[in-house]
Structure formats: C-alpha cells, structure tokens
Amino acid sequence: MKIVFSTEGESLESLLDTRFGRCSRFLLWDFETKTFTLIENSQNLQAIQGAGIQSAQNVINTGAEALVTGHCGPKAFKVLQAAGIPIYVAESLPIRELIDSFEKGTLLQLKEADVEGHW
Amino acid sequence: MKIAIASGKGGTGKTSLAVALLHANAERARLLDCDVEEPNCHLFLSHTVIGHKAVELLIPQVNPNLCKLCGKCVEACQFNAIAIAGNQVMIFNELCHSCGGCARICPHGAIQEFPVKIGELSQSRCKNEAELLTGTLEIGHASAPAVIKAAKKALPLQDVPFTLIDSPPGTACTFVAAVEDSDFVFLVTEATPFGLNDLKLAVEALLNMELPFAIIVNRIQSETNLITDYANQQGFPIWLQIPEDRHIAETYARGGNLLDVKPELKKVLRELLDRCQP
C-alpha cells in the first residue's frame with residue numbers, strides 16, 4: 001500500500017505541509033518496500049486557479065490509496081472522493097511520525113472539506 | 001468614438017459623471033453601463049426598456065459513452081477546471097473560461113459545448129432620446145468580462161458619434177475589458193489618499209495599454225489638492241474639478257444628476273467630449 005503526504009521538504013524528517021493545493025511536493029510512501037519517492041507539485045503552487053483540483057489529480061496519478069495533509073477545500077475533496085482516496089489530516093509534524101500514526105490508525109479522516117476554497 | 005469613464009477607487013463618481021455626460025450630450029451620445037456586477041445608471045435616467053438579450057457562454061459537457069479517460073482535456077485546460085477521478089471526467093464550470101480547448105483537443109469527440117446564460121443586456125431609450133444599454137451579470141456567475149464585451153459589441157439603437165462606457169471600479173480584468181479599445185478614458189477620482197493610491201494603479205494600467213486619458217477630480221475642497229499635486233508632477237492632464245457640495249449629493253440620492261444642481265456645467269461637459277477627439 002502507498003500513501004501520499006503534502007510537504008515542503010524532501011525526506012522523512014521533513015514536516016507535513018498543512019496546505020494541500022499549494023504544497024511544493026508530495027512524498028509517496030510505500031509500506032511494502034519501506035521506500036519513498038517525491039512528486040513535484042510546484043506547477044500548482046503558481047496556478048492562477050484550480051490548484052486544489054490539479055493537486056488532487058496529481059495525487060490520483062501517483063496511485064496512492066490515501067492522502068495525509070493539513071486541510072482540504074471543497075473542490076479537491078470532491079475530486080479525491082470521486083477517486084475513492086480517503087483524506088487524513090494532521091498537524092505539521094515530521095512525516096516519519098505521521099507514518100507511524102497512520103499505521104496505528106490515530107489520524108483523523110475527513111468526512112467533508114474542512115476549509116473554504118482559496119483558504 | 002468610445003470614451004470610458006473609469007476609476008481605480010469605487011464611489012468616486014463614475015456613474016454621476018457618465019449620466020451627466022449623457023444628459024449634456026443627449027443628441028450625440030449613448031451610454032453603456034458596463035459595471036455589470038452592479039449596474040446603476042438606469043436609476044438616474046428616465047427610460048423605456050426596448051429589448052433584452054441573453055449573454056451566453058459555452059460550457060463543455062462530456063459524453064461518458066465516447067470518453068476513453070485519456071486525460072488530454074485535463075492537460076489542455078489552462079484554467080485547471082478539469083480532473084479525471086475514478087472513471088469520470090469532472091468539469092468545474094465555475095472555473096471554465098469557455099476557451100473551447102478541451103472540446104477541440106479531445107481525440108474521441110467526447111466533449112461538446114453547450115450555451116449557459118451568464119448575463120443579460122437590456123437596451124433602453126431615455127426620455128432625452130439617448131440610448132442606455134445595461135449589462136447585468138447573473139448572480140452566481142464570475143465571468144463579468146464576457147458580459148462587458150457583449151455590451152460593447154451590441155448594435156446601437158442609432159449611430160451617434162460618442163459611445164460612453166461606465167466602467168467597473170478597480171483595475172482588475174473587468175476594468176481592462178471595459179476600457180480596452182476605447183479612444184479615450186476619463187479617470188474619476190477624489191482628493192483623498194485612497195483616491196490617489198487607486199488613481200495611480202489605474203494610470204499605470206492605462207499607460208501599459210497605451211490609452212490616452214484625462215483626470216477628473218470629484219468632491220474637491222480646494223483647487224489645489226493631492227491629486228493636482230500628483231498630476232502636475234507627472235504631467236497628466238486634469239480636465240475638470242467638481243466641488244464638494246451637499247446639494248449635489250442630496251440630488252443624487254433622489255435620482256437626480258449633476259446638471260440639475262449645476263446647469264452651467266452643461267457647456268463644460270460638452271467640451272469634454274470634443275476635447276477627446278484627436
């Protein structure tokens with residue numbers, strides 16, 4: 001199983017970026033191989049509009065089965081929901097810690113968007 | 001010729017000036033209310049509505065039977081309005097700018113465009129015989145520039161030498177849509193720090209667009225003020241200063257216009273249009 005985290009950094013010690021649509025990149029963690037890959041999202045950092053939608057598309061394209069981020073707006077939520085990808089929210093903590101929390105099942109799953117668009 | 005009445009700051013007197021200009025030049029001008037998010041020229045003009053016309057934009061729809069989920073439309077959309085999730089194409093209409101790119105790029109002919117009404121034009125004849133054309137954006141839609149452009153393209157009731165355009169405030173895309181292609185722009189402002197700040201933004205935009213303009217200062221308390229200082233320093237022309245006068249405000253609040261209070265301005269307002277001609 002693979003899950004994806006929004007982040008500004010490039011390692012497991014990097015902090016979670018609590019912004020979803022305009023995060024710099026995604027870290028894709030593979031539970032089987034215990035390795036990660038980085039996926040650029042800077043193209044959406046500068047988007048004039050629709051950053052959340054295209055970041056959600058980016059997440060879908062990674063093949064991840066879950067997303068961990070800080071907040072999620074209505075359009076991104078709709079796209080991820082249609083793709084069947086659950087969204088978990090957390091504070092800006094090191095990704096290594098959040099992988100543990102995910103495995104222990106202590107992360108909160110969003111049932112609906114928790115911020116307005118353009119948050 | 002097209003003359004836009006614009007301002008950076010809202011509430012400086014664009015509509016007051018536009019309506020007064022129409023009254024003073026009734027036999028040779030028409031007025032387009034292009035402040036489509038809140039058109040209000042009609043409140044100050046006795047008029048009869050002659051006709052309405054819908055303003056429509058084309059919005060794409062996907063035929064799921066033809067769509068192969070190839071994602072070409074997602075890549076093509078410069079407005080980030082399309083995503084593929086699960087086994088469906090999701091289009092966010094509110095982000096769509098009706099460019100038609102997705103429909104053209106689709107290799108399977110799965111995207112068709114359908115018209116959606118986003119606003120309305122209403123054409124009126126005023127009691128003074130001049131034409132008033134009002135553009136109104138429908139509530140819930142964001143494409144104000146499309147309604148502004150439609151208003152500017154509408155055929156006139158009769159050919160007159162001057163088309164006056166009451167522009168939306170600010171310097172965003174609505175302002176650009178209203179003033180572009182104009183032959184001349186009147187920038188209305190007030191002698192306050194806020195008025196000066198937003199005047200500078202509007203001037204910067206017009207210089208970029210290479211549009212000729214003159215400044216009109218409204219509600220002045222002194223012949224020399226921070227707008228005249230700025231204009232003199234920069235070498236920009238001020239063509240009219242209108243004094244602060246409670247009587248003007250009271251008349252405006254009752255639906256009257258500047259000329260009701262200051263009929264002597266009629267000559268000046270006629271000369272203003274003459275001066276715009278190269």
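**Notes on the A/B model**

1. Starting with the helices of chain A: α2(A) passes α3(A) in a right-handed crossing. Bear in mind that this is a predicted model.

2. Here is the geometry of that pair. Helix α2 of chain A covers residues 51–62 and helix α3 of chain A covers residues 74–82. Their axes are 8 Å apart and the packing angle is about 25°. Angles under 35 degrees count as roughly parallel, so α2(A) and α3(A) are roughly parallel to each other.

3. Which residues in α2(A) and α3(A) meet? From α2(A) come G52(A), I53(A), A56(A), V59(A) and I60(A). They meet K75(A), A76(A), V79(A) and L80(A) in α3(A). By type, the residues of this contact split into 7 nonpolar, 1 polar and 1 charged.

4. Over to chain B, where the domain assignment gives domain 1 as 2–46 + 127–276 and domain 2 as 58–117. Note that domain 1 of chain B is written as two segments. The C-alpha centres of domain 1 and domain 2 of chain B are 39 Å apart.

5. Now the interface. On the chain B side, 16 residues are in contact with 13 residues of chain A. About 1,200 Å² is buried between the two chains, B and A, and carbon and sulfur atoms give 62% of that area.

6. Which three residues supply more than any others of the area that chain B buries against chain A? They are N80(B), F92(B) and L95(B), which supply 42% of it.

How values were computed: Residues numbered from 1 in each chain as written. Chains lettered and ligands numbered in written order. Predicted model: local features only at pLDDT ≥ 70, side-chain atom pairs only at ≥ 80, totals over all residues. Heavy atoms only, no water. Axes fitted to C-alpha atoms, helices over the stretch in contact; angles between N-to-C directions. Helix = DSSP H or I, 4+ residues; strand = E, 2+ residues; numbered from the N terminus. Parallel < 35°, antiparallel > 145°, perpendicular 65-115°, else oblique. Left-handed = near helix turned anticlockwise from the far one by under 90°. Contact = heavy atoms within 4.5 Å. Nonpolar A, V, L, I, M, F, W, Y, C, P; charged D, E, K, R; others polar. Domains from an automatic or database assignment. Buried area = accessible area lost by both parts, 1.4 Å probe.
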